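Subject: Structure handover

Hello,

Here is the structure I said I would pass on.

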Amino acid sequence: MTSGKPSLSRLGIAIAGLRGGSGKTLATLGLIAALERRDISVAPFKKGPDYIDPAWLSLAAGRDCHNLDTYLLDPETIMQSYLTRNSYCQVALVEGNRGIFDGIDAEGTHSIAELAKLLGLPVILVVDCTKASRTVAALVRGCQAFDPGLALRGVILNRVAGERHRSIAAGAIERYCGIPVLGAIPRIPGLDLKERHLGLLPVHEHPAPGQVVGLIADEVEASVDISRVLGIMEQHEYPSFTIDVKEQPWAASEGDEATGPAIGIIRDSAFSFYYPENIEALRRHGARIIEVDSLRDQQLPAVEGLYIGGGFPETHAAKLAANRSLMDSIRNGVARGLPVYAECGGLVYLSESLEVSGMEYRMAGVFPLRFGVTERPQGHGYTSFTADRANPYYPAGAPARGHEFRYSRLTGATAPVETVLSLERGTGLVEGRDGIIRNNAFGTFCHTHALGRGVSWPEALVSMARKRMPSTIR
């Protein structure tokens, strides 16, 4: 860090678990909503590549949740984001992913534990007590011994069967681990927090997401000592970080959005996987954002570029296929040189067809690809890639990072598949490669974060879109 710049710190806490599915999101949702009810504003963050949990955390907080991931982002960017995003908020909550020490290797690189230490945060551990009581103390004690440098300051028990169960588990933890049990959340009757293969059902697809958050908040308020959680945050000794607040990568604008090129973003229940930073990056480079609904809009509006993120086209396949006029409009736009950037679900949407449960549905037909949905993941985890062939979105030879998680697989092609990205890590589209191009349309299974290492497509998309504007207003 450069000296002579302001030193900042922030009141906050990290919420971690022993494994995925232990109740981290439930506890974090409930804490955020309960704090907001007390007029304590919360800046929500999510560790790891994820779209679904952040959408729920955004709903609970009433403001955007931002991802913090040490694989995708460099440490200074993470610190800038953590310290300055929603800076008016009184506290920050960072939800972890997977288990507390789980990373990409045996050293736990890129784990929530490493992120908490990077930011100097105290940690609350959420422990699933299903069919265990005193043994959970051994698990907590193991976490303490495994990394003594981690500021593990409290425990929240989850799925507690009753008062006797709570008493034994909490008593053992406080006796043998010396840290407080801040609450015990029972199984919540009537909770409709459905899950799918990527985790929770997306906010956009849930019939009553606000009711779900309210129900969780009620239970967390009744089961968790919110004042003690606040006390842990207030009593913790935080490090001060020196950053340049004027050089935040999301702060500066390179163009006049009011007169810049129009970029369409397909955003609805079928396509909802967007990092806020990606849309910010388009705006920062001068784009005007126009949202498009793939299920309802009959024609592509007057845009100079298009961005299609990920989502669940497989659960909307029939409705997507029925809206042929929009698909035809997009395909015709690509034929005329419309620049399009499509990630994962967006790639599938631009393909020839998608097979779901034995039924084949026509897609937009931009790329000569056919996909089918399987029961097992076809690509899962972080990716790293390099452009080794000419394309307008990534400079040749520049390494970049992303992530993938999908159940769709390539089942055939109606023309030769030419790709421009070589993957050093990840599965990609075919044979360790990714990134298919048709005219100015680019499709990839790799999701990327606009502030991530080597990610250049937002600027490229806006630049190409700008060239399509009438010369009198360009």
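This is a predicted model: local features need pLDDT of at least 70, side-chain atom pairs count only at pLDDT 80 or more; totals for chains, interfaces and linings use all residues.

Cores

The largest nonpolar core has 92 residues, and the members that touch the most other members are I100, L157 and I173. Helix α1 (residues 24–37) is the main contributor to this core, giving eight residues. There is also a second, separate core of 64 residues, with M363, I436, F442 and W457 among its members. As background, nonpolar side chains tend to be buried together in soluble globular proteins.

On the α1 side the contact is made by L31, A34 and L35, and on the α8 side by I226, V229 and L230. By type, the residues of this contact are six nonpolar, no polar and no charged.

The second contact involves helix α3 (residues 75–84) and α4, which pack at about 70° with an axis separation of 11 Å. That angle makes α3 roughly perpendicular to α4. P75, I78, M79 and Y82 come from α3, while L115, L118 and L119 come from α4. The residues where α3 meets α4 divide into seven nonpolar, no polar and no charged.

Salt bridges

Across the whole structure, a search finds 20 salt bridges. In general, side chains of opposite charge can pair when their charged atoms come close.

E114 and K117 form a salt bridge in which the closest N and O atoms are 3.5 Å apart. Both belong to helix α4 (residues 112–119), and because they are three residues apart there, about one helical turn separates them. E114 has a relative accessibility of 32% and counts as partly exposed. K117, at 34%, also counts as partly exposed.

D388 and R433 meet through their side chains in a salt bridge, at 2.8 Å from N to O. This pair links distant parts of the chain, 45 residues apart: D388 is in the loop between β19 (379–387) and β20 (399–406), and R433 is in strand β23 (residues 433–438). Are the two partners buried or exposed? D388 is partly exposed, with 42% relative accessibility, whereas R433 is buried, with a relative accessible area of 15%.

E404 pairs with R406 in a salt bridge whose closest N and O atoms are 3.0 Å apart. Buried means under 20% relative accessible area, so E404 counts as buried at 2% relative accessibility. R406 counts as buried too, at 6%.

The network of salt bridges links K46, D50, D53 and E95.

Single residues

N67 is in strand β4 (residues 66–68). With 4% relative accessibility, N67 counts as buried. Not counting residues up to four places away in sequence, N67 touches K46, G48, P49, D50 and P54, as well as L73, Y275 and H449. Of these contacts, K46 and D50 are also members of the salt-bridge network.

G21 sits in the loop between β2 (12–17) and α1. Its relative accessibility of 46% puts G21 in the partly exposed class. Which residues does G21 touch, not counting residues up to four places away in sequence? They are D128 and R159. From G21 to E205, which is 184 residues away along the chain, the C-alpha separation is 20 Å.

Regards

Notes:
Residues are numbered from 1 along each chain as its sequence is written. Side-chain values use heavy atoms; hydrogens and water are left out. A nonpolar core is a set of buried Ala, Val, Leu, Ile, Met, Phe, Trp, Tyr and Cys residues joined through side-chain atoms within 4.5 Å. Buried means under 20% relative accessible area, exposed over 50%, partly exposed in between (1.4 Å probe, protein chains only). Helices (H or I, at least four residues) and strands (E, at least two) are DSSP runs, numbered from the N terminus. A salt bridge is a side-chain nitrogen of Lys or Arg within 4 Å of a carboxyl oxygen of Asp or Glu. Axes are lines fitted to C-alpha atoms, for helices over the stretch in contact, and angles run from 0 to 180 degrees between N-to-C directions. Angles under 35 degrees count as roughly parallel, over 145 as roughly antiparallel, 65 to 115 as roughly perpendicular and the rest as oblique. Contact means heavy atoms within 4.5 Å. Ala, Val, Leu, Ile, Met, Phe, Trp, Tyr, Cys and Pro count as nonpolar, Asp, Glu, Lys and Arg as charged, and the others, Gly among them, as polar.
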